[in-house]
Amino acid sequence: MNTKRLVFPRDAIARRVQELAAQISKDYRGLDPIMVGILKGAFIFLADLVRALDFPVEIDFVRLRSYGNGTTSSGDVRITKDVELPLEGRHVLIVEDIVDIGYTLHFLQQQLAARHPRSLRTCCLIDKKERRAVDVRLDYVGFTVEKGFLVGYGLDCAEKFRTLPEVYELLD
Ligand code: PRP
């Protein structure tokens, strides 16, 4: 039970996070951005990413709930904890752990765009392509995978495995 296959080891994640942070540092220097993490999955990625930037940023969080049948989300996404900082006129970067079907991010991008940020981009650690149902714009991507139920480094299965430092595929 819960056989796992290692997909992204710690050093590969750390390297990729550094590379993303270097690109984001270059693109946002002097722009005083706000980074918005999507709870809960993105909290570890966000924590590592912001500490690898070469300037301080403001951080906020949003929590979204997707109503579906357990493993597949429907398009019915709702905010259960909103961002608290005003976003109008600011450069906003959404930070997400994994984009799967795409409903969650699509919904959030629409919600935050309606608050008139100066710019709105998205950084996700893992772009999982196979089940994508809506076209979402991803500006910074750590890794691309086709499929698989991934856990670790913030990603869970029924609240288990989030604290693993590596990313695994659950095989059963
Ligand atoms: C997961 C993941 C993304 C979302 C992707 O979160 O962290 O936020 O699902 O879904 P989609 O692209 O298929 O719409 P989840 O709802 O499991 O909550 P969690 O982050 O609290 O684990």
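Predicted model: local features only at pLDDT ≥ 70, side-chain atom pairs only at ≥ 80, totals over all residues.
**The ligand and its shell**

The ligand is surrounded by 16 residues, and the closest of these are Gly41, Glu96, Asp97, Gly102 and Thr104. By residue class, the shell around the ligand is made up of 7 charged, 5 nonpolar and 4 polar residues.

The ligand taken alone exposes 500 Å², of which the protein buries 79%. Two elements give two or more residues to the shell around the ligand, namely strand E5, which spans residues 91–99, and helix H3, which spans residues 103–113. Of the elements, E5 gives the most to this shell, with 4 residues.

**Packing of H1 and H2**

Two packed helices are described by the angle between their axes together with the distance between those axes. In this model, helix H1 (residues 10–28) packs with helix H2 (residues 43–51) at an angle of about 60°, and their axes are 9 Å apart. H1 and H2 are therefore oblique to each other, and the crossing that they form is right-handed.

**Backbone geometry in two loops**

Most peptide bonds are trans, and most residues other than glycine have a negative phi. Against that background, the peptide bond that runs from Leu39 to Lys40 is cis, with omega near 0°, and Lys40 is placed in the loop between strand E2 (34–39) and H2. The other site is Asp32, which is not a glycine and yet has a positive phi of about 50°; Asp32 is found in the loop between H1 and E2.

Key:
Residues numbered from 1 in each chain as written. Heavy atoms only, no water. Near = heavy atom within 4 Å. Areas by Shrake-Rupley, 256 points an atom, 1.4 Å probe, with all protein chains shown as cover. Nonpolar A, V, L, I, M, F, W, Y, C, P; charged D, E, K, R; others polar. Axes fitted to C-alpha atoms, helices over the stretch in contact; angles between N-to-C directions. Parallel < 35°, antiparallel > 145°, perpendicular 65-115°, else oblique. Left-handed = near helix turned anticlockwise from the far one by under 90°.
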